[in-house]
Amino acid sequence: LPELPETETIARDLHAEVKGMRITSAMVHRADVLREIEHGALDDAVRGLQIARVWRRAKLVVLDLARDDTSANAPVTIAHLVVQPRFTGAMLLDDGTLPADQLDYLTVTFTLADGRSLHYRDVRRLGTVSFMSVPRFTQYSGGLGPEPLDAEFTSEEFSALVRASRRSIKVLLMDQSRLAGVGNIYANEALWRAGIDPSREAATLTVFESTTLLSELRAVLRASIEARGTSFRDYRDARGQRGAFVAQLAVYGRGGEECLRCGAKLVDTHVIDGRTTVLCAYCQR
Ligand SMILES: [Zn+2]
């Protein structure tokens, strides 16, 4: 799944491309990806609105929609399109030159005032596109945990979160209601960097360990954003490109290979949460 860095890359690229652009129509090809709106109502709901901003919350791409009123000093957001790409979803901008193979599996297409199209493509259709009012989005976002890269989120708050959990530290890191945007890849990477065994009960971490973990989590997320994310399966950024961070992964996908820190053979296990966990049994304690 695209996690925080991949979603951030998608959102930043889209923002640079479509900020201020008016939506002239919406066409629904596959209604089963839509949430919180009837497929017949989407076109009426978004037509004429301006995309004021594209940003990321957790693993969601959020498009702020505002009235296209040039007399206003700043556009006032009146609704949000919330895209959750999950396994195979991708937001693709099309100026008419997008390769034909990328036009398969389109689910929703927004036509923009300059003639370009913004497609949501999803092979397996496990991702979703939601249309939310501002209060509804505020409520929805309130159910998600803090953003790990938010400067206002302190290591004291993170330590308190960790101390309060009896679950494994890896499972806690990936719980979207406790901390937003972290999935399997970056949980594995951050725990290896911090030298912490992913199966440890969260509450047993010392303040020093949880502070180190947050710092390493932030470092790996920032490094991955810098590299435009990790490529895997169908992930593509808004330009249809793969991310480069895969070359910098220390543990994820490296089970059976040597630990980059101590040379021991990395262990691959599914016992913690049913998902792949890769760790070094020697330098993660
Ligand atoms: Zn090691």
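Good morning. Let me begin with a definition: a residue is called buried under 20% relative accessible area, exposed over 50%, and partly exposed in between, using a 1.4 Å probe and protein chains only. The structure before us is a predicted model, in which local features need pLDDT of at least 70 and side-chain atom pairs count only at pLDDT 80 or more, while totals for chains, interfaces and linings use all residues. Residues are numbered from 1 along each chain as its sequence is written, and side-chain values use heavy atoms, with hydrogens and water left out.

I turn to the sheet. Helices (H or I, at least four residues) and strands (E, at least two) are DSSP runs, numbered from the N terminus. Two strands pair if DSSP finds at least two bridges between them. In general, strands of a sheet pair through backbone hydrogen bonds, either parallel or antiparallel. Here, five strands form an open sheet with mixed pairing, in the order 2-9-5-4-3. Strand 2 (34-35) and strand 3 (49-57) stand at its edges with a single partner strand each, so one side of each has no neighbour in the sheet. Strand 5 and strand 9 run antiparallel and are joined by six bridges. Ala 79 stands opposite Ser 133 of strand 9.

Which helices lie across these strands? Contact here means heavy atoms within 4.5 Å. Axes are lines fitted to C-alpha atoms, for helices over the stretch in contact, and angles run from 0 to 180 degrees between N-to-C directions. Helix 1 (residues 4-18) lies across strand 3 and strand 4 (60-67), at about 160 degrees to strand 3. Helix 3 (residues 134-142) lies across strand 3, strand 4, strand 5 and strand 9, and runs at about 120 degrees to strand 9.

Next, two loop residues. Arg 86 sits in the loop between strand 5 (77-84) and strand 6 (89-94). Although Arg 86 is not a glycine, it has a positive phi of about 45 degrees. With a relative accessible area of 31%, Arg 86 is partly exposed. Arg 125 belongs to the loop between strand 8 (117-122) and strand 9 (128-133). Arg 125, not a glycine either, has a positive phi of about 55 degrees, and is partly exposed at 27% relative accessible area.

Finally, is Ser 159 buried or exposed? This residue of helix 4 (residues 155-163) is buried, because its relative accessible area is 5%. Leaving aside residues up to four places away in sequence, Ser 159 touches Val 207, Ser 210 and Thr 211. Thank you.
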